[in-house]
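Please keep the sequence and the model in view while reading.

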Amino acid sequence: MLAFAAVAPLLAAALAAPFVVAAPARAAGPGPTAAQNAVWRPVAAPDPPGPNVFIEVSPGTVEPGHLVGLRASCQDNSVGAIVISDAFGRVAVQPQRGLLTGTAQVKDRVLPGSYRVKLECRGGETASTMLQVVRTVKPSGRPSRGPATGFGGGAGGVTSGLLLPAGLALTITGVVVWFMTARRRGARR
């Protein structure tokens, strides 16, 4: 407890130092010194740097004729900007939740290759990225077919063609046996 009492003034001085602004020094003479004229005033923090200027295309690899999402940022995201590419032409991106967003449809007849996507902000800033156009995109997120473990028609082979006829035969046999049993019970009464 005693150690804290000794450290507390030092800690308070270290934390308060950025907020203390000394008054201008005066000529020597009678009266309070500059240290006695120290005034506690909050110091305004400098403005944070503006957002980074960037453009993102999602997905980065696409087939001709498909849509891509555009996400961008300029120094001023309260006004729209323009995105240009040979893959889809000229598209406007609009402010939404602090960023600039939009969609573009890749031209149907665009050839496979890498295309530059350029953001042009109203303040003159620019950014660019690349869009890869391919003939076909290999399915990566599509689930594959499960292993052939049997029952339910999942397994192929000799028995798969017999499931329906065997089931039908058993059903008909069951109906015939029930009907005959019902007739015998009726004849006994």
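Leu168, Ile172, Val176 and Met180 together make a nonpolar surface patch of about 370 Å² in this predicted model. One of these residues, Leu168, belongs to helix 2, which covers residues 163-188. With a relative accessibility of 52%, Leu168 counts as exposed, because the cut-off for that class is over 50%.

**The chain as a whole**

The protein chain contains two helices and ten strands. Read from the N terminus, the order of these elements is α-β-β-β-β-β-β-β-β-β-β-α. Of the 189 residues in the chain, 19% are buried. The chain exposes about 14500 Å², and 61% of this area is supplied by carbon and sulfur atoms. Contacts along the chain can also be sorted by separation in sequence. Among those between residues at least 6 apart, 50% join residues at least 24 apart.

**The disulfide**

A disulfide is a covalent bond between the sulfur atoms of two cysteines. The structure holds one disulfide, and Cys74 and Cys121 form it, with their sulfur atoms 1.9 Å apart. Which parts of the chain does this pair tie together? Cys74 is placed in the loop between strand 5 (67-73) and strand 6 (81-85), while Cys121 is in the loop between strand 9 (113-120) and strand 10 (126-133), so the pair links parts that lie 47 residues apart in sequence. The torsion about the S-S bond of Cys74 and Cys121 is about -85°, and the disulfide is therefore left-handed. Both Cys74 and Cys121 are buried.

**Two buried residues in strands**

Ala72 is found in strand 5. Its relative accessibility is 0%, so Ala72 counts as buried, the class for values under 20%. Which residues does Ala72 contact, leaving aside neighbours within four places in sequence? They are Phe54, Ile55, Leu99, Leu100 and Leu119. The C-alpha atoms of Ala72 and Val53 are separated by 7.3 Å, although these residues are 19 apart along the chain.

Ser85 is part of strand 6. This serine is likewise buried, with a relative accessible area of 3%. Residues up to four places away in sequence not being counted, Ser85 touches Tyr115, Arg116 and Val117. The side chain of Ser85 also reaches the backbone oxygen of Arg116, at 3.0 Å.

**Salt bridges**

Side chains of opposite charge can pair when their charged atoms come close. Two salt bridges are counted in the structure.

| Salt bridge | N to O distance | Relative accessibility |
|---|---|---|
| Glu56 and Arg71 | 2.6 Å | Glu56 36%, Arg71 37% |
| Lys118 and Glu120 | 3.7 Å | Lys118 25%, Glu120 29% |

In the pair of Glu56 and Arg71, the closest N and O atoms are 2.6 Å apart. Lys118 counts as partly exposed, as does Glu120.

Most residues other than glycine have a negative phi, and most peptide bonds are trans. What is the geometry of the peptide bond from Ser58 to Pro59, cis or trans? The bond is cis, with omega near -5°. Pro59 is located in the loop between strand 3 (54-58) and strand 4 (61-62).

The other place is Arg97, which is not a glycine and yet has a positive phi of about 55°. Arg97 sits in the loop between strand 7 (89-96) and strand 8 (99-105). At 80% relative accessibility, this arginine counts as exposed.

How values were computed. Residues are numbered from 1 along each chain as its sequence is written. This is a predicted model: local features need pLDDT of at least 70, side-chain atom pairs count only at pLDDT 80 or more; totals for chains, interfaces and linings use all residues. Side-chain values use heavy atoms; hydrogens and water are left out. A disulfide is a pair of cysteine sulfur atoms within 2.5 Å. Helices (H or I, at least four residues) and strands (E, at least two) are DSSP runs, numbered from the N terminus. Buried means under 20% relative accessible area, exposed over 50%, partly exposed in between (1.4 Å probe, protein chains only). Contact means heavy atoms within 4.5 Å. Accessible areas come from the Shrake-Rupley method with a 1.4 Å probe; for residues, only the protein chains shown count as cover. A polar contact is a pair of N or O atoms within 3.5 Å; within protein, one must be able to donate a hydrogen and the other to accept it, and residues adjacent in sequence count only if both atoms are side-chain atoms. Patches are made of residues with over 30% relative accessible area and no salt bridge: like charges are joined within 9 Å, nonpolar side chains (Val, Leu, Ile, Met, Phe, Trp, Tyr) within 5 Å. A salt bridge is a side-chain nitrogen of Lys or Arg within 4 Å of a carboxyl oxygen of Asp or Glu.
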